[in-house]
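Here is a short briefing on salt bridges. Look at the sequence and structure first.

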Amino acid sequence: MTELLTDRLIIRAWRDSDLEPWAAMNADPEVREHLGDLLTRDQSDASVARFRADFERRGFGWWAVEVRDTGAFAGFAGLDEVDDGLPFEGVEIGWRLARSAWGNGYATEAARAVLAHGFGTLGLAEILAVTTAANLRSQAVMRRIGMTRAPEDDFDDLTVPEGPLRPSVLYRIARPL
């Protein structure tokens, strides 16, 4: 599996040692604020099994993110096929960090590396990003990495229950010429 290196991060395959800090992230209400329900340890472990299987099947997916200087697990970043039930298709970029990693620019740094991989190695023509309308921090990262939003692409995500997580925004970026 490909490993991406940045100045401060290693974006890499999942290790069994990542399961505990990943589960802690998925049980943190602040980390899950724009994602929905908290996950149990079993649900969290099952998500890593899916991430690993996706990489095996298609050659891309969600990587674990590690801080190079300390070896600390920081979260995840990567690419995924857009979920069924959304009003568009394509490949989306995403990231999620533990609260201890917030405020360091890691999401932007990881996202830039993932974009470069998606355009350069995978040859994608366009990469999308989706988040709730209220998730202003993720939208700021999307803008920092050069993505743009067209308000007419905003949508209600009918795959989530009625409530504050349903209004969603779509950002896009095309492969540089």
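Is Glu-126 buried, partly exposed or exposed? Glu-126 is partly exposed, because its relative accessible area is 34%; partly exposed falls between buried, under 20% relative accessible area, and exposed, over 50% (1.4 Å probe, protein chains only).

This is a predicted model: local features need pLDDT of at least 70, side-chain atom pairs count only at pLDDT 80 or more, and totals for chains, interfaces and linings use all residues. Residues are numbered from 1 along each chain as its sequence is written, and side-chain values use heavy atoms, with hydrogens and water left out.

**Overall**
- The structure holds 16 salt bridges, each a side-chain nitrogen of Lys or Arg within 4 Å of a carboxyl oxygen of Asp or Glu.

**Glu-66 and Arg-12**
- A salt bridge joins their side chains at 2.6 Å, N to O.
- Glu-66 sits in strand β3 (residues 62-67) and Arg-12 in strand β2 (residues 9-12), so the pair ties together parts 54 residues apart in sequence; strands (E, at least two residues) and helices (H or I, at least four) are DSSP runs, numbered from the N terminus.
- Both Glu-66 and Arg-12 are buried.

**Glu-30 and Arg-99**
- Their side chains meet in a salt bridge at 3.0 Å, N to O.
- Glu-30 lies in the loop between α1 (19-26) and α2 (41-58), and Arg-99 in the loop between β5 (91-97) and α3 (106-121), 69 residues apart.
- Glu-30 counts as partly exposed at 42% relative accessibility, and Arg-99 does at 40%.

**Arg-172 and Glu-126**
- This salt bridge spans 3.2 Å, N to O.

**Network**
- Salt bridges with shared partners join Asp-54, Arg-57, Arg-58, Asp-80 and Glu-81 into one network.
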